[in-house]
Amino acid sequence: MTDKTMTADEVVGRLRSGMTLGIGGWGSRRKPMALVRALLRSEITDLTVVSYGGPDVGLLAAAGRIRKLVAAFTTLDSIPLEPNFRAARERGAFELTELDEAMFMWGLHAAANRLPFLPVRAGLGSDVMRVNPELRTVTSPYEDGETFVAVPALRMDAAFVHLNRADRLGNGRYLGPDPYFDDLFCEAADTAYISCERIVERFDVDTAPQSLLVGRHSVTGVVEAPNGAHFTSCAPDYARDEAFQKLYATTPWPEFAERFLSGKSEDDYQQAVRAWHEEQQ
């Protein structure tokens, strides 16, 4: 048995510029934002980011850390299009591979199973094939002879996910309504890091096994990060901070970054958020 607990800064200390980084969650839901903020405090750049994108992508794009993005979308959910992603994309700040949501999922499955690709029907007859000319099709070797898209494996150097609970060994549990493919991100990456709302010493024997989403075999490090998904939701622990998300979406990036991201730690960020909320009362 191995204690895998780490700090967010220790996690980032294991990464390097130029890596391919997967980020779990979905849109503006249960994103590993504390780990993303730790990444922003580093000098790491030139990243290929793989994500069902939300403010994780927006923050990294605004800070100029992304060389290439592989995504099915980039949204804040209640705000349809992530504004910093949009601004960066409009100025051509990074390369984009935009996949259908199902194609993206099967790319994760392929990587998790150490396959070079998986065949899917999704994408056929759509502009996905036009805007991604590197995609190939394959023909079934059986009697049906059907043509499929060969979705390449989305293999990653490292992955970040955020879960409700984790133990020190690397087992992670979600308590909300959706796993958001976080297990696939961990299994598709060479190294995977969980942040969680709370570390528990052990999971009870009556814990529903289907809620134990991530197994320790696929986890490199565990970080306890209360409120670590802020400003995204982490149901049922807390909802999305809609007021703060609106502030993020409507504030010029230099101003937002100076007030909320210029500190030396996650505590500095959380204190700045609390101060802002107090000002609104």
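## Close-up views of a predicted model

**View 1. Helix α5 and the residue Ala-102.** Ala-102 lies in helix α5, and the structure in which it is shown here is a predicted model. Although Ala-102 and Val-120 are separated by 18 residues in sequence, their C-alpha atoms are 8.3 Å apart in space. Helix α5, which covers residues 101-112, packs on a sheet and touches the strands β5 and β7, and its direction makes about 145 degrees with that of β5.

**View 2. The open sheet of β5, β7 and β6.** Strands of a sheet pair through backbone hydrogen bonds, and they may do so in a parallel or an antiparallel way. In this open sheet of 3 strands the order is β5-β7-β6, and the pairing is antiparallel. The edges are formed by β5 (117-120) and β6 (136-139), each of which has a single partner strand, so one side of each is left without a neighbour in the sheet. On average, and with direction ignored, neighbouring strands of the sheet are turned by 40 degrees against each other.

**View 3. Bridge partners along β7.** Between β5 and strand β7 (residues 147-152) there are 4 bridges, and the two strands pair in the antiparallel sense. Leu-118 has Val-151 of β7 as its bridge partner, while the partner of Pro-119 in β7 is Ala-150. Strand β6 is likewise joined to β7 by 4 bridges, and these two strands run antiparallel; here the bridge partner of Thr-137 in β7 is Val-149.

**View 4. Strand β3 and its parallel partners.** How much of strand β3 (residues 66-74) is buried? Of its 9 residues, 7 are buried, so strand β3 is largely enclosed by the rest of the structure. Strand β2 (residues 47-53) pairs with β3 in the parallel sense over 6 bridges, and within β3 it is Val-70 that stands opposite Val-50. Strand β3 is also joined to strand β4 (residues 95-98) by 4 bridges, and these strands run parallel, with Lys-68 standing opposite Glu-95 in β4. A right-handed β-α-β unit is made by β2, helix α3 (residues 55-62) and β3, and β3, helix α4 (residues 83-90) and β4 make a right-handed β-α-β unit as well.

**View 5. The packing of helices α8 and α10.** The packing of two helices is described by the angle between their axes together with the distance between those axes. For helix α8 (residues 242-250) and helix α10 (residues 266-279) the angle is about 100 degrees and the axes are 11 Å apart. Angles of 65 to 115 degrees count as roughly perpendicular, and therefore α8 is described as roughly perpendicular to α10. On the α8 side the contact is made by Ala-243, Phe-244 and Leu-247, and on the α10 side by Tyr-269, Val-273, Trp-276 and His-277. The residues of this contact divide into 6 nonpolar and 1 polar, with no charged residue among them.

View 6. Tyr-174 has its place in the loop between β9 (172-173) and α7 (182-187). Is Tyr-174 buried or exposed? Its relative accessible area is 15%, and because this is under 20%, Tyr-174 counts as buried. When its neighbours within four places in sequence are left aside, the contacts of Tyr-174 include Leu-163, Asn-164, Pro-179 and Arg-30. Tyr-174 and Arg-30 are 144 residues apart in sequence, yet their C-alpha atoms are 9.9 Å apart in space.

**View 7. Backbone features in the loops.** Most residues other than glycine have a negative phi, and most peptide bonds are trans. Asp-77, found in the loop between β3 and α4, has a phi near 70 degrees, which is a positive value in a residue other than glycine; with a relative accessible area of 24%, Asp-77 is partly exposed. Arg-114, in the loop between α5 and β5, is not a glycine and yet has a positive phi of about 60 degrees, and at 51% relative accessibility Arg-114 counts as exposed. Phe-231 is found in the loop between β11 (221-224) and α8, and Pro-236 is found in the loop between β11 and α8.

Note on methods
Residues are numbered from 1 along each chain as its sequence is written. This is a predicted model: local features need pLDDT of at least 70, side-chain atom pairs count only at pLDDT 80 or more; totals for chains, interfaces and linings use all residues. Side-chain values use heavy atoms; hydrogens and water are left out. Axes are lines fitted to C-alpha atoms, for helices over the stretch in contact, and angles run from 0 to 180 degrees between N-to-C directions. Angles under 35 degrees count as roughly parallel, over 145 as roughly antiparallel, 65 to 115 as roughly perpendicular and the rest as oblique. Contact means heavy atoms within 4.5 Å. Ala, Val, Leu, Ile, Met, Phe, Trp, Tyr, Cys and Pro count as nonpolar, Asp, Glu, Lys and Arg as charged, and the others, Gly among them, as polar. Two strands pair if DSSP finds at least two bridges between them. Buried means under 20% relative accessible area, exposed over 50%, partly exposed in between (1.4 Å probe, protein chains only). A crossover is right-handed if, with the strands pointing away from the viewer, the path from the first strand over the helix to the second runs clockwise.
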